[in-house]
Amino acid sequence: MKTIRFPHPLVLLVGFILLACALSYVLPAGVFERIPDAATGRDVVVPGSYHRVPATPVSPLQALVAVPKGLVDAAAVIFLVFLAGGAFTVVDLTGALRRGVDWLLEKFRGREAVVIPIISVLFATMGALENMQEEIVPLVPVLLILMRRIGYPVVTAAAVSIGSAAVGAAFSPLNPFQVGIAQKLAQLPLLSGGGFRLVFLLLALTIWIGGTVRFAQRHRITPETSEQADPNGTLVIGRNHGLVLALLLSGFAFFAYGVLKLGWDFEQMAALFFTMGVVAGLVGGLGLTGTAEGFIAGFRDIAFSALLIGFARAIFVVLEQGQIVDTIVNGLSAPLAGLPAWVAALGMMGVHTALHLPVPSVSGQAVLTMPLLVPLSDLIGLSRQVTVLAYQYGAGLCELITPTNGALVAIVAACGVRFDEWWKFAFPLYLLLLALGAVAVVIGIAVGV
């Protein structure tokens with residue numbers, strides 16, 4: 001049986017840009033009216049306001065121009081990836097990361113499989129707390145060193161990081177960028193239904209982590225030595241490894257505090273990573289020149305992955321220019337009105353799944369769809385909480401597989417894994433998680449969550 005083989009990530013994303021361009025000639029242009037929403041601080045659609053507008057097909061030249069526009073739109077994220085990638089390269093040059101990996105492996109000698117659950121839970125927690133995605137890209141080199149030293153295939157580096165974070169985010173009881181925005185738009189108390197969500201979060205993580213451990217152990221190879229794990233043959237000239245690692249851990253703690261308590265955006269995160277890299281280089285004995293060269297090496301290594309994020313954003317730019325995003329949303333949501341409540345709830349999951357390809361932002365999808373689906377759920381007697389669940393599981397789980405998710409494509413590419421290889425690993429687990437989400441939705445209706 002012939003397996004699906006995806007093209008090169010850049011070819012894939014450019015193909016989607018051109019597909020979006022072609023759809024602008026096929027689908028009718030239309031828009032919803034939008035009004036400011038005080039609860040979320042965003043513009044939300046007005047239910048029943050969809051109307052046709054004059055067609056604005058996107059020419060091939062405009063589609064190409066959408067690429068730099070997408071890069072500009074994603075600039076804050078891209079520069080975060082560049083600066084954080086440079087910082088971690090500097091830290092790596094001090095030798096502290098390898099020393100830390102050696103220490104970790106010594107502690108878990110004979111119990112290496114425990115490493116996957118520990119790291120997965122850490123990333124799942126960050127996903128549940130703040131929808132961690134793009135911030136993972138610079139961490140990939142560290143995870144690759146660890147997985148190669150244990151002898152696990154490199155795809156596990158993506159599985160324990162972006163995979164676990166996406167699962168944590170999708171089933172989270174408090175993710176502000178998914179359930180938080182959706183509950184505000186549905187006029188539900190924040191954290192309501194938290195206990196119900198937490199149960200299914202634990203079940204989801206059991207499925208994902210169990211699948212990752214099983215895959216890693218079945219495909220385990222001969223572990224690399226510390227020297228082999230450094231593919232560039234970089235000479236480690238640093239010192240003060242303990243101080244550098246302490247700086248790294250304190251930097252992560254401050255990062256979490258800034259995101260969760262201070263409301264940091266990508267610019268503040270990038271500034272923290274840059275500062276951390278400079279201080280680590282000086283403390284680690286690289287000097288000013290060595291630190292600067294480390295940043296340059298990091299920029300070079302992370303450039304491809306960072307730019308993929310901008311190319312993914314360009315797809316949405318084309319759809320917006322063609323004014324067909326709202327047409328797609330209206331076309332998918334309208335048929336749900338005549339269905340029984342439980343069928344409509346599962347149908348909402350399907351709608352969110354289908355929408356996440358052209359609308360790869362979970363927060364943007366919430367703003368676009370919840371004002372339409374909440375009145376519909378009231379009309380057919382469906383709980384608003386269940387409507388939010390259908391959105392979480394439908395849109396959130398798509399973060400595991402959709403090639404328009406710039407962070408996913410970037411991380412998979414940074415791991416040196418083809419997207420079809422990622423799909424081969426992730427898709428069976430995705431289907432299990434989607435089935436779990438459907439069960440949660442049906443149980444939610446039954447128990448009146």
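**Aromatic pairs**

I searched the whole structure for aromatic pairs and found 16. I counted rings of Phe, Tyr and Trp (its six-membered ring) as a pair if their centres lie within 6.5 Å, calling planes under 30 degrees apart stacked, over 60 edge-to-face and the rest tilted. The model is predicted, so I kept local features to pLDDT of at least 70 and side-chain atom pairs to pLDDT 80 or more, while totals for chains, interfaces and linings use all residues. My numbering starts from 1 along each chain as its sequence is written, and side-chain values use heavy atoms, with hydrogens and water left out.

I looked at Phe82 and Phe299. Their rings are edge-to-face, 6.2 Å centre to centre with 80° between the planes. Phe82 sits in helix α3 (residues 75-93) and Phe299 in helix α12 (residues 287-321), so this pair ties together parts that are 217 residues apart in sequence. I took helices as DSSP runs (H or I, at least four residues) and strands likewise (E, at least two), numbered from the N terminus.

For accessibility I used relative accessible area: buried is under 20%, exposed is over 50%, and partly exposed is in between (1.4 Å probe, protein chains only). Phe82 is buried at 17%, and Phe299 is partly exposed at 28%. I then looked at Trp422 and Phe425, whose ring centres are 5.5 Å apart with planes at 50°, so I logged this pair as tilted. Both residues belong to helix α18 (residues 419-447) and are three residues apart, about one turn of the helix. Trp422 is buried at 0%, and Phe425 is buried at 6%.

I also noted a cluster in which ring pairs link Phe82, Phe274, Phe295 and Phe299.

**Nonpolar cores**

Which residues touch the most other members of the largest nonpolar core? I found Phe171, Trp208, Tyr393, Leu400 and Trp422, in a core of 137 residues. Helix α12 gives the largest share of this core, 13 residues. A second, separate core has 15 residues, including Val44, Ile181, Val388 and Ala395. I defined a nonpolar core as a set of buried Ala, Val, Leu, Ile, Met, Phe, Trp, Tyr and Cys residues joined through side-chain atoms within 4.5 Å.

I listed the contacts of Trp208 (heavy atoms within 4.5 Å), leaving aside neighbours within four places in sequence. Trp208 touches Ala159, Gly163, Ser164, Val167, Leu400, Trp422, Phe425, Ala426, Leu429 and Leu433. Both members of the tilted pair, Trp422 and Phe425, are therefore among the contacts of Trp208.

**Helix α17**

I checked the cover on helix α17 (residues 406-414) and found it mostly covered, with eight of its nine residues buried. The buried ones are Gly406, Ala407, Leu408, Val409, Ala410, Ile411, Val412 and Ala413. What do they pack against? I found α1 (9-26), α6 (140-150), α7 (155-170), α12 and α18.

**Salt bridges**

I searched the whole structure for salt bridges and found six. The criterion was a side-chain nitrogen of Lys or Arg within 4 Å of a carboxyl oxygen of Asp or Glu.

One of them joins Arg109 and Glu106, at 2.6 Å from N to O. Arg109 is exposed at 57%, whereas Glu106 is partly exposed at 47%.

Arg418, Asp420 and Glu421 are linked in a network of salt bridges. I read 3.1 Å between the closest N and O atoms of Arg418 and Asp420, and 3.5 Å for Glu421 with Arg418. Arg418 is partly exposed at 33%, Asp420 is buried at 8%, and Glu421 is partly exposed at 34%.

**Positive phi**

I looked for residues with positive phi that are not glycine and noted two cases, Gln187 and Gln323. Gln187 has a phi of about 55° and lies in the loop between α8 (176-185) and α9 (194-218). I logged Gln187 as exposed at 66%. Gln323 also has a phi of about 55° and is in the loop between α12 and α13 (325-333). Gln323 is partly exposed at 25%.
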